[in-house]
Amino acid sequence: MLIFSQNKRQITECKTISVTKNIGGKKEEKFVIVGSSGATDFVGSNILASFPDEKTALDALEKAFTAFENGAKSYRF
């Protein structure tokens with residue numbers, strides 16, 4: 001799925017998307033959604049969106065999954 005990042009600076013073809021704690025992130029960026037285009041999370045991974053708390057990040061991830069489930073080939077955070 002093609003993902004357009006929240007900061008509108010990148011488009012990533014993602015094989016995996018996950019919520020991760022952002023160590024050292026600002027108050028409004030404590031959790032991030034990371035997309036990976038490679039076989040592992042470390043190869044070709046990009047921060048796609050930032051959130052102040054885990055619940056908000058997980059809700060955003062669920063919306064992206066719902067879009068994918070409904071046949072979307074791209075998604076915008």
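Buried here means under 20% relative accessible area, with exposed over 50% and partly exposed in between (1.4 Å probe, protein chains only). Keep in mind that this is a predicted model, where local features need pLDDT of at least 70, side-chain atom pairs count only at pLDDT 80 or more, and totals for chains, interfaces and linings use all residues. Residues are numbered from 1 along each chain as its sequence is written, and side-chain values use heavy atoms, leaving out hydrogens and water.

Start by selecting tyrosine 75 and phenylalanine 77: both are buried. A search of the whole structure turns up one aromatic pair (ring centres of Phe, Tyr or Trp, the latter by its six-membered ring, within 6.5 Å; planes under 30 degrees apart are stacked, over 60 edge-to-face, the rest tilted). The ring centres of tyrosine 75 and phenylalanine 77 lie 5.1 Å apart with planes at 75°, so this pair is edge-to-face.

Click phenylalanine 4 and look across to arginine 76, its bridge partner in strand 6.

Now move to the open sheet of three strands in the order 3-4-5, with antiparallel pairing. Its edge strands are strand 3 (16-21) and strand 5 (45-51). Select residues 31-36 for strand 4, joined to strand 5 by six bridges. Glycine 35 has asparagine 46 as its bridge partner in strand 5.

Conventions: Two strands pair if DSSP finds at least two bridges between them. Helices (H or I, at least four residues) and strands (E, at least two) are DSSP runs, numbered from the N terminus.
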